[in-house]
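User: Could you help me look over this model? I'd like to start with the charges.
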Amino acid sequence: MASTPVATPNGSGGAELPTWGRTVRRLASGALAFHLVGILVGPLSLPPALLADYLRRVYSPYIEAAYLDNAYKFFAPDPGPSHLLRWTAVMPDGSRRQGLLPDRQQHWPRLFYHRHFMLSEFVAGQPDPNWEPDTPWERLPNSELQRLLARSFARHLLYKLGAQSVTLELIEHALPNPEQVQQGLRLDDPSLYRSRKLGTYRRRGE
Amino acid sequence: MLRGYLRELWHWWVDGWNRFWFSPADPATLGLLRALAGGMLLYTHAVWSLGLNDFFGPYSWVSPQAAHELYRGDVPWSWFWHISSPTLLWLLHTAVLVVMAMFALGLFSRVTAVLSWLCAVAYAHRVPGALFGLDQINAMLAMYLMLGPCGAAWSVDRWIARWRSGRPLPPAVPSTAANLAVRLIQVHMCVIYFFAGISKLQGQSWWAGTALWGAVANLEYQTLDLTWMCHTPWLVALLTQATVWWELFFCVLVWPRLLRPLVLAFAVPLHLGIAVGMGMVTFGLVMLIGCASFVPPWLVRRLLGGGPAVPPAGVESGAPRAGRAMRRRRGARG
């Protein structure tokens, strides 16, 4: 960028001050242009877009290494039901232990609760790409990624609890509409929950 | 005529570009952002301590092997891939917290800024599935803060320099790097809000004006019972649509001097509402920290004290006057 090297300090209200030299500004401008296009790649990629696919070929190493590959779609396109994960562990003495992800009583402070909430949402957010639209949610087949995550979660629980086996269930908590709440339906009404089994996992070799 | 137009367009673009990115700026805003973002980084990573082995250990919720498979071969860097010893994990984590505390306080700022960014990215890459917007904004802020002299104001570094010199220091020297870092945060915030807004239009509920109910009626997010809004659908619609329109047009309306306070003022109830109503306090606050990049340095000094706090006459930043200076020079050149 070729221009005068003189500028006024931003917000200082004082006299003109020298800024970077022309060569430095040109180099910085090139880096800036590259970076500014790069931060658009993540948002443009979800849902997939042709232009983003082309840009991604160039930018993937940069935006992935710098954790800039983010879509910034907060609560978009629509706020939906939330998802929880219920685990049931069978201990070596035959007793059972149960837990929930997330659990307000156990996971505190709120950020820690949110970390666990994101785990259950992450599992729910990896549906089978070939699912039939008419299939009831409870009977949806678990996708390859859901099975991968469930195995990992189960391995964590087996190791942490010293359990013999762990069964994982994904729970969907639907949102009631305003009319239902007006008529007295509580947000935790049992009719709003449905679940499906992710799998039962045992210690290796047993 | 076309050549004249193109030449004028080129000069207009180059002058504007240089003025926007390369005008030296008082590092007061950058220093404030370092303290706030550094504090948030420290808190965010301190909370990992409650489940360090659960999230980062070899038998974590998302194990290293599972994470590698999730990334489908494009595994991003993180030193956590190479750590399996719980002792080493805790030692490293403690060191990271110390670095982030130093960064928040502004001690060895230039070094701790770079280290804090590397740490934030390393943590994020290791735990796919446990992340959300907070981590994205944390990493973004850390990345840009390390580009400028973020310890030149409101820092222990500056306090030490004053102590060593034995007398009050002159005001921090305006810096091009300080301006560049703040500008990058501002532009990135515009990108975030724009895509947050435009992606909401891909759904039906934001357009229809019912989306906010989806947040109110979600028990897993709820920290404040706002279900009384079922009786005021007009309020749900108003707040839903105001959110979308504000996010969409933030990138335009935040730049004019007179509109900026209004645009930023809307951010406060919006993000505090998310913080209080949905229990996402950290996310709400980190978005407000990003918005604080639009607070001009003179106002930061006026609010926090320390050094001159003189607003430029008639403008909130010196950029327009720099533009006039440039035009005068070009005019003088004929």
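User: How far apart are the mean positions of the positive and negative charges of chain B?

Analyst: In this predicted model, the mean positions of the 24 positive and 12 negative charges of chain B lie 20 Å apart. Lys and Arg count as positive and Asp and Glu as negative, with His and the chain ends not counted, and each charge is placed at NZ of Lys, CZ of Arg, CG of Asp or CD of Glu.

User: And how many salt bridges cross the interface of chain B and chain A?

Analyst: The rule, a side-chain nitrogen of Lys or Arg within 4 Å of a carboxyl oxygen of Asp or Glu, finds two across that interface. A salt bridge joins the side chains of Asp135(B) and Arg115(A), at 2.7 Å from N to O.

User: What area is buried between the two chains?

Analyst: About 8,200 Å² is buried between chain B and chain A, with carbon and sulfur atoms giving 67% of it; this is the accessible area (1.4 Å probe) that the two parts lose on being put together, summed over both. In chain B, the residues that lose the most area to chain A are Tyr59(B), Trp61(B) and Glu220(B), together 12% of what that side buries.

User: Switching topic, which secondary structure does chain B have?

Analyst: Chain B has 16 helices and zero strands, taken as DSSP runs (helices H or I, at least four residues; strands E, at least two) numbered from the N terminus.

Key:
Residues numbered from 1 in each chain as written. Chains lettered and ligands numbered in written order. Predicted model: local features only at pLDDT ≥ 70, side-chain atom pairs only at ≥ 80, totals over all residues. Heavy atoms only, no water.
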